[in-house]
Amino acid sequence: MNVERSRRYPDEPAGPFPTPPATHTDAEGRDLAIERVATDGAVHDSLTRMYDRFNPADRAQGIPPTGEAQIRDWLDPLIDTGVNVAVRPLEPTASATAGQTTPDASTPDAATDADRNDDADADATSADTGSIEYVGHAVLVPDTDESGALDDPGRYEWELAIFVLQEYQGAGVGTALLEHLLGEATAVGIEHVWLTVERWNSPAISLYESTGFESVGTERFDIEMSIQLDPA
Amino acid sequence: MNVLLGLGGTDESIQALEATIDRASAVGDELVVAILDKADAPRSPAEMRSETAATLEAAGFDADIRELEGDPGPALVELAEREGFDHVVIGGGTETPMGKIRLGPITEFVLLNASMPVTLIR
């Protein structure tokens, strides 16, 4: 199958990458679960809550949108049509006590497009200790409006985005999440992944480069990067 | 004010035209619409010119329409400077499948190089 691509990809495929589910201990000793997300209501709710905690000043290229309704409108199609991997503390209450924000978002692992969490406050501490509290989310969406892209994933180019809450940045969480998303992508048969990142977001660019992405377009405000995955 | 609107032939251009007509009508601006020669646009300059004329007529608003040749960003800025426009308006910004906004090279050139205020409509 020879499909015309709309952008350039590295000649050498990257991988292998680890696949979810997995547990990961971050640089601060927090035990985390990295898992595929289901398309049920509780997951939508948890990811909506996570994005609602982002500081509007840390959005990138307009996402995530602000306001719960706008977040749902943006997020629901991503969850329903994309490949989604998310990370949560193994002990749900641990995330709530990690309220002190990490001031250095500039270390390489600070990754991610956006995400501070100045208002990680009481409502992060869900009274319902059984609820899922995601602290990071990575997603791939196909460049088509047609449904069923996952039936033939190799045909399409998949756009990547990753977000990690501030208090989990700088501890390797973004790297682990990104690698597991690419592992999941490889497992389902995705071969071509791309993203855009703002030129000045060097922590994110470093993360993507260290994972195997290469810059393929630099003629805009944003840089376009891509990676080719080794078919499983 | 004398307002110069640059249109590249995309769907965003039509939105920008309508918004600019509304604004100019409301505040009494004089408007010149420049049709840019954007190579990969879905509408040719000729199509864009006739669509612009029809939109202006439907709105009951009078504006000059000019076609600019050459590299769109520099051509628009050059016209704005040479004729002393007070304000430049451009449409721009596309969304990726993820919903990320991207601004293209014409937008960037105009924002960085025009000496007068620039409005970006997206």
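Predicted model: local features only at pLDDT ≥ 70, side-chain atom pairs only at ≥ 80, totals over all residues.
The crossing of α3(B) and α4(B) is right-handed, a crossing being called right-handed if the near helix is turned clockwise from the far one by less than a right angle, and left-handed if anticlockwise. These elements are helix α3, residues 72–82, and helix α4, residues 105–113, of chain B, whose axes come within 8 Å and cross at roughly 30°; helices are DSSP runs of H or I of at least four residues, strands are runs of E of at least two, and both are numbered from the N terminus. The axes are lines fitted to C-alpha atoms, for helices over the stretch in contact, with angles running from 0 to 180 degrees between N-to-C directions. Because angles under 35 degrees count as roughly parallel, over 145 as roughly antiparallel, 65 to 115 as roughly perpendicular and the rest as oblique, α3(B) and α4(B) are roughly parallel to each other.

Residues are numbered from 1 along each chain as its sequence is written, chains are lettered from A and ligands numbered from 1 in the order in which they are written, and side-chain values use heavy atoms, with hydrogens and water left out.

In chain A, helix α4 (residues 173–188) and helix α5 (residues 202–211) pack at an angle of about 45° with their axes 11 Å apart, and α4(A) and α5(A) are therefore oblique to each other. Among the residues of α4(A) that meet α5(A) are L178(A) and L182(A), and the α5(A) side includes L207(A) and Y208(A), where contact means heavy atoms within 4.5 Å.

Turning to the interface, 21 residues of chain A are in contact with 12 residues of chain B. The rule finds 3 salt bridges across the interface, each a side-chain nitrogen of Lys or Arg within 4 Å of a carboxyl oxygen of Asp or Glu, and the side chains of R102(B) and E224(A) meet in a salt bridge at 2.8 Å, N to O.

Finally, some backbone details of chain A. Most residues other than glycine have a negative phi, and most peptide bonds are trans. The loop between α1 (41–52) and α2 (68–81) of chain A holds P64(A), which a cis peptide bond joins to I63(A), with omega about -10°. Q61(A), also placed in the loop between α1 and α2, has a positive phi of about 50° although it is not a glycine.
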